[in-house]
Amino acid sequence: MSTNRAFRVAATGARVLTGTVVAAACVVGVVVAIASPWPTVAHEPAQAQVTPLPGDTVLVCNGDFRAIGRNPSASLEMVSAATPKLTVDGSSGRPESDALPAKDLADGGSAQRLVGVVEGREAPRIGATESIALDEDDLFGLAAAPCRPASIESWLVGGTVETGTEDLIVLTNPGVVPSTVTLGLYGSVRASSTVIVPAESQVALPLTSIAAGSDYPVVKVTATGSPVRAVLQSSLTRTLDPAGVDLQDAVAAPQKHPVLPGIRVFENDGDNSDMAVVRLLSPGADAQAVVTLSEVGSSATAAELTVPLAADEPTELSLSTLPPGEYMARIESDAPVLSAVRQQDGEGPETDFAWVLPAPDVEDEVYVAVPAGPAPRLVFVNSEESDASVKVQPVGGGDPIEVTVPAGSSTTVTVKSRTVYSMTTSGPIHASVTMTASGALAVWPVWPAVGAQQSITVYP
């Protein structure tokens, strides 16, 4: 082979080798580039934490207690049986008040709308509760309920359509536009109904209009157009004698771990099966609930009930095995449940009953109004693992009441009627107000303060 040809072969081989190396490098580079993250250009949006300006604090009271059936020629006609006594005060003084007419009352009547005008960036706290003591031929007992905000959705748990009962769904619209309210019935009968509540007014309808023939009816109240305040007014007659009245507040939603303070079991010579009962409903899902009852002032278990719940089917269980005394209940469920306990102080005439509802956690300062009524007390339940202190101070001036609630236990303090208190705690507390005397029972939860504003993220 000539020298020139040998040189050309060598040069060609070198070029092929170089090309192979370069190609291999390119392949490796592409593979690495695919496997490696690509550079990105990111722009973080401008944002700011802003606390909205609070609005005015608006509470709605229940107004006149209604009587039905007093006119023989118009059996469904409603009239005012009594006007309640209102106890109210606020952190900025007594709030403004105006009347919301009950246009379906034959003799007229109204409910009060209370407005605390916001000052600066703080909504005023308001404590307001009504009470009514009745001693009529057809109505007897004590009924009390706090004034509360209107809601888009709420539940009425303690209804009944048994013979001798007269339950009324009372709907109050404090807004300036009409509200379309859908009433969805849960029970052995399923039904729904729609009612229009005009702006700034109150209407009522018998529970039997949607729940006739239903066992343990529970009603879901859904409002569109304007939120409404829903209350269940109840009265009981045994034979021809009145045997109790009650105002049952609405609850906001089902809960997995409700706590019910202020349950009382009374001594009774006859059948105790109806003296105290617990009602439960699991909307939308099967569930198993465990109801644990403890005496007030003790963390020991007095009774424990395991209750299987079928979806959308309310059930009741008697607490007749409990000895007379005062109790609190904790419920643990694997699905959110609605719960309430009914207590009755006797079987004959001139007795009374009351429904006990779950009390939410209260951590911030809250105003609690104690209306006219017998032997008022505050019941505190501490579900936490450490002790909590509670301070109750009369808003108008007076000596404070301070108490320690042991972890996992409960306690009570005596308070004065016709007084508004400021309540502060060192940790989450469940609380209820109770009033108890012969033929006079009332229980209602202490609700968190209205109008607290949380920070939100704003993206300009």
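Predicted model: local features only at pLDDT ≥ 70, side-chain atom pairs only at ≥ 80, totals over all residues.
Two open sheets are considered first. Strands of a sheet pair through backbone hydrogen bonds, and the pairing may be parallel or antiparallel. Strand β7 covers residues 110–116 and pairs with β2 over 4 bridges. Within that pairing, V60 has R113 in β7 as its bridge partner.

The other open sheet has 4 strands. Their order is β30-β27-β32-β33, and the pairing is again antiparallel. The edges are formed by β30 (410–414) and β33 (440–445). Each of these two strands has a single partner, so one side of each is left without a neighbour in the sheet. The twist from one strand to the next averages 20°. Strand β32 spans residues 430–437 and is joined to β33 by 6 bridges. The two strands run antiparallel. T436 stands opposite L441 of β33.

Strands β8 and β9 form a hairpin, with 4 residues between them. Strand β8 comprises residues 126–135. It runs antiparallel to β9, and 7 bridges join the two. T129 has P146 as its bridge partner in β9. F140, L142, A144 and P146 point one way from the strand. G141, A143 and A145 point the other way. Residues on both sides are buried. In total, 7 of the 7 residues of β9 are buried, so the strand is largely enclosed by the rest of the structure.

The angle about the S-S bond is 105°, and the link is right-handed. C61 lies in the loop between β2 (57–60) and β3 (65–68). C147 lies in the loop between β9 (140–146) and β10. The two cysteines are 86 residues apart, and the pair links distant parts of the chain. Buried means under 20% relative accessible area. C61 has a value of 0%, so it is buried. C147 has a value of 6%, so it also counts as buried.

The structure holds 1 aromatic pair. The ring centres of W155 and Y186 are 5.3 Å apart, and their planes meet at 50°, so the pair is tilted. W155 belongs to strand β10 (residues 153–156), and Y186 belongs to strand β12 (residues 179–186). The pair therefore ties together parts that are 31 residues apart in sequence. W155 has a relative accessibility of 3% and counts as buried. Y186 is buried too, with a relative accessible area of 13%.

Charged side chains also sit over rings. R148 lies over the face of W447, at 3.6 Å from the ring centre. The charged end of R342 sits over the ring of F353, 4.6 Å from its centre.

In soluble globular proteins, nonpolar side chains tend to be buried together. The largest nonpolar core of this model has 26 residues. Those with the most contacts inside the core are I263, L280 and L293. Several strands each supply at least two of the core residues. They include β18 (259–265), β19 (276–281), β21 (303–309) and β23 (325–333). Strands β25 (353–356) and β33 are also among them. Strand β20 (287–295) belongs to this group as well. It gives the most to the core, with 4 residues.

I169 and L183 are 14 residues apart in sequence. In space, they are 9.6 Å apart, C-alpha to C-alpha.

Notes:
Residues numbered from 1 in each chain as written. Heavy atoms only, no water. Pairing = 2+ DSSP bridges. Axes fitted to C-alpha atoms, helices over the stretch in contact; angles between N-to-C directions. Phe/Tyr/Trp six-rings, centres within 6.5 Å; stacked < 30°, edge-to-face > 60°. Buried < 20%, exposed > 50% of the residue type's maximum accessible area, 1.4 Å probe, protein only. Lys NZ or Arg CZ within 6 Å of the ring centre and 35° of its normal. Disulfide = S-S within 2.5 Å. Core = buried A, V, L, I, M, F, W, Y, C linked by side-chain atoms within 4.5 Å.
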